[in-house]
Amino acid sequence: MPEQTYLDAIRAGLEEELRRDPSVYIFGEDVALGGPFGVTKGLAETFGINRLVNTPISEATVMGITIGAATAGLRPIVEIMFIDFITLAMDQLINHAAKLHYMSGGQLRIPLTVRVQCGISGAMGAHHSQSLESWLAHVPGLKVVMPANPADAKGLLKSAIRDDNPVVFVEHRGLYWSKGEVSANETVVPIGKAIVMRRGEQITIVALSSMVGPALAAANDLKAEGIAAEVIDPRTISPLDIETIASSVKKTSRMIVVHEAVEQGGIGAEIVARVQQEAFYHLDSPIVRVAAPFAPVPASPSLEENFVPSKSKIIDAVRRTVYRRES
Amino acid sequence: MAANKDNFKEVIELLRRMWLIRAFEEKVSSLYAERQIVGLLHLGIGQEAVAVGALSLLRNDDYVYGGHRSHGHAIAKGADMNKLMAEIAGRATGYCGGKGGSMHIVAKECGFMTATGVVGGTIPLALGAAFASKERKKGQLAVVFFGDGAGQAGPFHESLNIASLWRLPVVFICENNGYAEFTPLSAHTKIERLAQHAKTYGIPASTVDGNDLFAVRDAMTKAVASCRAGKGPVFIECLTHRMRGHYEGDPAKYRELSQLAEWKKKDPIARVARALKSKKAFTDAQLEAIEMEARALADKATEFSLASPWPSEFDVDSQVYAVT
């Protein structure tokens with residue numbers, strides 16, 4: 001299979017869907033110019049500025065416009081340049097996009113894809129580096145996906161665009177230039193399905209988005225000391241595929257959860273709560289979360305390095321879990 | 001527009017629609033007082049000329065977005081009064097199966113796309129529907145209603161800017177009833193006429209007597225023609241007054257009784273009736289029959305609603321997601 005970057009895979013997904021369905025439109029700041037990272041580069045030349053709609057810096061209203069366009073029969077994609085700015089659009093996203101199908105008794109559908117990029121990369125500081133996905137997963141009516149590799153990025157994006165519900169598609173900026181195999185054929189990855197990235201019997205590592213890479217690297221290192229770790233990428237955090245995770249824990253009896261968002265109130269807490277409900281009597285040790293400290297994201301590269309969960313932090317957490325002794 | 005022998009039939013129809021709204025909302029008010037309906041209810045009694053004047057000119061496939069005080073807008077766009085009353089009463093037979101309620105009415109079949117509990121919240125949605133209309137090129141347009149309180153919200157200004165920039169076929173209708181919840185507009189802004197904001201953003205705007213059905217309709221006639229001709233948005237500020245409090249149960253002590261009496265003289269329904277009578281075309285009895293017919297329909301809607309079942313307990317979390 002040909003290799004592609006995460007960014008190019010997203011662009012290919014957008015291009016294929018724009019071509020497939022004339023009701024797909026892309027709205028956002030600078031989208032007709034390619035955007036700051038080049039995700040939409042070249043699309044306006046192919047599909048025109050009517051469908052690659054450059055907007056003013058008015059996130060609240062632009063989000064509302066795409067919701068209104070969805071109620072009136074379009075299938076819009078809105079790009080919020082950084083997830084940090086989704087705060088400005090939260091009223092429309094939460095009060096209208098997420099609720100209109102329910103509040104209307106099923107009369108309205110909101111086939112809307114909200115593309116955002118999140119996370120820590122390049123010392124951009126507290127307003128361009130956050131991971132806010134757990135806020136969104138708390139809202140009934142929204143779906144939230146977080147692809148960790150190019151193939152999933154493309155496949156999940158296609159599912160998101162074709163879904164008749166609002167889907168927040170959370171890209172990680174640090175993954176944009178990472179490469180992976182992407183099928184040249186039409187591949188759609190279903191929303192709500194986790195994937196086992198590596199098989200193992202002694203511990204389950206659940207890792208999200210940018211943390212899947214370090215988790216796999218940690219599992220590789222741990223093998224040398226005789227620990228066989230199973231690595232699961234949930235890919236979607238709402239709805240959460242708890243069956244795949246719980247059945248893994250029933251086999252391994254141990255689990256850690258890894259995400260880049262701060263630990264308190266993160267999606268890891270939900271995963272832990274659901275796993276203890278499903279697999280409590282299979283657990284041999286407490287579940288540990290590896291996540292960012294409860295602090296805003298710092299700007300200095302040296303502080304940033306300490307802030308982000310890393311391979312070594314994952315290995316430490318696995319050791320604590322596997323070699324746990326009652327003191 | 002003025003009542004004359006060439007348009008009596010049309011004016012009578014408009015009067016009939018205003019009475020439908022008035023009778024419906026007075027019924028809602030009394031049902032609330034009897035605790036047959038509960039919840040947070042915002043009535044637009046006194047503002048009927050805006051809803052009817054504006055929406056009587058639309059096509060069924062035009063899109064209308066309301067605010068939190070929007071029973072009248074839904075009726076004026078053609079919503080079924082039985083399903084509307086049942087929704088407000090929380091019954092399974094309501095437009096939204098009881099999941100929306102008074103502030104979140106959706107009657108998609110007639111193009112009443114949604115009301116909202118968030119002040120000014122539907123203004124961007126209307127732009128979205130206008131965008132879709134423009135792309136579809138079938139001459140559709142979107143209309144959005146909001147109050148003077150929305151004029152100080154960020155998305156109001158963002159929306160005026162974008163609607164103007166993209167020449168969207170949207171009519172902004174500001175129902176300036178003088179109060180944002182309990183506070184007079186003068187305590188929220190130095191801007192006396194909200195139409196001024198629209199002019200700043202390059203949108204044709206006018207301020208009309210919102211209790212004058214004919215004035216609203218004249219302004220809307222021009223607005224609709226302009227939108228359908230692809231000339232972009234229009235803003236109409238309608239000066240009006242709500243005869244009830246902000247919500248049912250609000251004693252509205254912030255309002256002088258003399259002010260209420262003054263507005264009562266400008267009752268939009270009585271004004272149309274007076275105009276028709278002055279032409280000696282209609283008798284009191286004929287006009288009274290219109291009122292009685294409306295009240296009978298409101299009674300029928302009440303009977304339908306109160307006899308309807310409550311939603312099933314299984315519906316508490318149904319329709320959270322659409323099945324693709």
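Which helix of chain A lies across S2 and S4 of chain A? The points below answer this and then turn to the sheet and to the contact between the chains. The model is predicted.

1. The helix in question is H3 of chain A, residues 59–71. H3(A) lies across S2 and S4 of chain A, and runs at about 165° to S4(A).

2. The two strands under discussion are also paired with each other. Strand S2 of chain A covers residues 24–28, and strand S4 of chain A covers residues 75–80. S2(A) and S4(A) pair in the parallel sense, over 5 bridges. Within this pair, Gly28(A) has Glu79(A) of S4(A) opposite it.

3. S2(A) and S4(A) belong to an open sheet of 7 strands in chain A. Read across the sheet, the order is S3-S2-S4-S5-S7-S6-S12, and the pairing is mixed. At the edges are strand S3 (52–54) and strand S12 (236–238) of chain A, each of which pairs on one side only. From one strand to the next, the twist averages 20°.

4. Chain A also touches chain B. The contact takes 35 residues from chain A and 34 residues from chain B. On the chain B side, the elements that give two or more residues are strand S2 (112–114), helix H5 (123–136) and helix H6 (154–165) of chain B. H5(B) provides the largest share of that side, 10 residues.

5. As for residue classes, the side of chain B that touches chain A has 18 nonpolar residues, 12 polar residues and 4 charged residues.

Terms used. Residues are numbered from 1 along each chain as its sequence is written. Chains are lettered from A and ligands numbered from 1 in the order in which they are written. This is a predicted model: local features need pLDDT of at least 70, side-chain atom pairs count only at pLDDT 80 or more; totals for chains, interfaces and linings use all residues. Two residues are in contact if their C-beta atoms, placed from the backbone, lie within 7 Å. Helices (H or I, at least four residues) and strands (E, at least two) are DSSP runs, numbered from the N terminus. Ala, Val, Leu, Ile, Met, Phe, Trp, Tyr, Cys and Pro count as nonpolar, Asp, Glu, Lys and Arg as charged, and the others, Gly among them, as polar. Two strands pair if DSSP finds at least two bridges between them. Axes are lines fitted to C-alpha atoms, for helices over the stretch in contact, and angles run from 0 to 180 degrees between N-to-C directions.
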